[in-house]
Each structure stands twice: as structure tokens, then as C-alpha cells.
Amino acid sequence: MNNIISKVDLFKNSNVGAVHTTETNFSLFSANVLEFTKTVDRPDEYYVEGDLIHFTINLKNVGDKRITNFVLKDELESCVKTFDGSYKVNSSIGEVKSYANPVVVEKITLDPNQEATITITGLVSYM
């Protein structure tokens, strides 16, 4: 059991990092106009094999210009498995283009001060 605890420690809410990769298809863009947060659903708890894990990505346009055609890619850790080949992905904005790893949401448009939420659900598995 201690071995499992040490592996899932990286899923404690405080240890989840930022979105791994982002791409844009326009030239006037600065990372300081877009806020990102990524959290898990059970802060300060441990996940064991077979548990569902829910990641929430929040985006906010903190600039004064509209952001259009933004593409978000999120590569999940290897111990987060899919449900028969795909994750469950819900996005309040844009189009989900990939339900596999990496998860890809395209055509994200955010007006100034607009927020968006993307949730990704997978299974914790070490096999």
C-alpha cells in the first residue's frame, strides 16, 4: 500500500502543474493576458488505483482584447487512463478535437474578462 501512496502523491491538488502545452494561430498574443489554473477534484486527498480523477482547467482572458482560435492541449500523466480509449471531456467553450492523450480543445474564443472551464475525467491505473 505504501508504494501506491507514493505514486499517487503527485495528484494531491497542490502538486498539479499548469497545462503542459498551448498553441495559438495568431501573432499578437502574450501569455500574460490569459490566466490558467488546473486542479483536481479532491484537494489534499490521495488517489488509489481504480479511482476516478477529475481535472478542472480554468481559463480567463485578463487582457483588454478578444482572444480567438486559441488551442489548448493537455497531456495527462501516464497513470491516468482512459475509458475504452477516451477520457470524458466537457468544455464550456470551443470544440473538443481529441478525447485521448493529449486532450485537445480548439477554436476557443474569449472576450475580455470572460472565463471558461474544461473538465477531464480519467481512471487512476498503474498497469
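**View 1. Glu35 touches Asn58, Leu59, Lys60 and Val62, leaving out residues up to four places away in sequence.** A contact means heavy atoms within 4.5 Å. This is a predicted model, in which local features need pLDDT of at least 70, side-chain atom pairs count only at pLDDT 80 or more, and totals for chains, interfaces and linings use all residues. Residues are numbered from 1 along each chain as its sequence is written, and side-chain values use heavy atoms, with hydrogens and water left out. Glu35 sits in strand β2. Helices (H or I, at least four residues) and strands (E, at least two) are DSSP runs, numbered from the N terminus. Glu35 is partly exposed because its relative accessibility is 44%. Buried means under 20% relative accessible area, exposed over 50%, and partly exposed in between (1.4 Å probe, protein chains only). Glu35 and Glu115 are 80 residues apart in sequence, yet 9.2 Å separates their C-alpha atoms in space.

**View 2. Lys38 meets Asp74 through a polar contact of 2.9 Å between side chains.** A polar contact is a pair of N or O atoms within 3.5 Å; within protein, one must be able to donate a hydrogen and the other to accept it, and residues adjacent in sequence count only if both atoms are side-chain atoms. Lys38 belongs to strand β2. Is Lys38 buried or exposed? Lys38 is buried, because its relative accessible area is 7%.

**View 3. Phe36 and Phe70 form an edge-to-face pair, because their ring planes stand at 80° with the centres 6.1 Å apart.** Rings of Phe, Tyr and Trp (its six-membered ring) pair if their centres lie within 6.5 Å; planes under 30 degrees apart count as stacked, over 60 as edge-to-face and the rest as tilted. By this rule, the count is one aromatic pair. Phe36 is in strand β2 and Phe70 in strand β4, so the pair ties together parts 34 residues apart in sequence. Phe36 is partly exposed at 29% relative accessibility. Phe70 is buried at 1%.

**View 4. The largest nonpolar core holds 23 residues.** Such a core is a set of buried Ala, Val, Leu, Ile, Met, Phe, Trp, Tyr and Cys residues joined through side-chain atoms within 4.5 Å. Which members touch the most other members? They are Leu59, Ile108, Ile118 and Ile120. Strands β2 (34-40), β3 (52-61), β4 (67-74), β8 (103-110) and β9 (115-124) each supply at least two residues of this core. Beyond its neighbours within four places in sequence, Ile120 has contacts that include Ile53, Phe55, Asp74, Tyr87 and Val103. In soluble globular proteins, nonpolar side chains tend to be buried together.

**View 5. Ser98 reaches the backbone oxygen of Pro102 with its side chain, at 2.9 Å.** Ser98 lies in strand β7 (residues 95-98). Ser98 counts as buried because its relative accessible area is 19%. Past its neighbours within four places in sequence, Ser98 is in contact with Val103 and Val104.

**View 6. The protein chain has one helix and nine strands.** From the N terminus on, the order is α-β-β-β-β-β-β-β-β-β. Of its 127 residues, 31% are buried. The mean pLDDT of the chain is 80, and 76% of residues reach 70 or more. The pLDDT is the predictor's confidence in each residue, from 0 to 100. Over residues 1-12 the pLDDT is below 50. Residues 14-28 also have pLDDT below 50.
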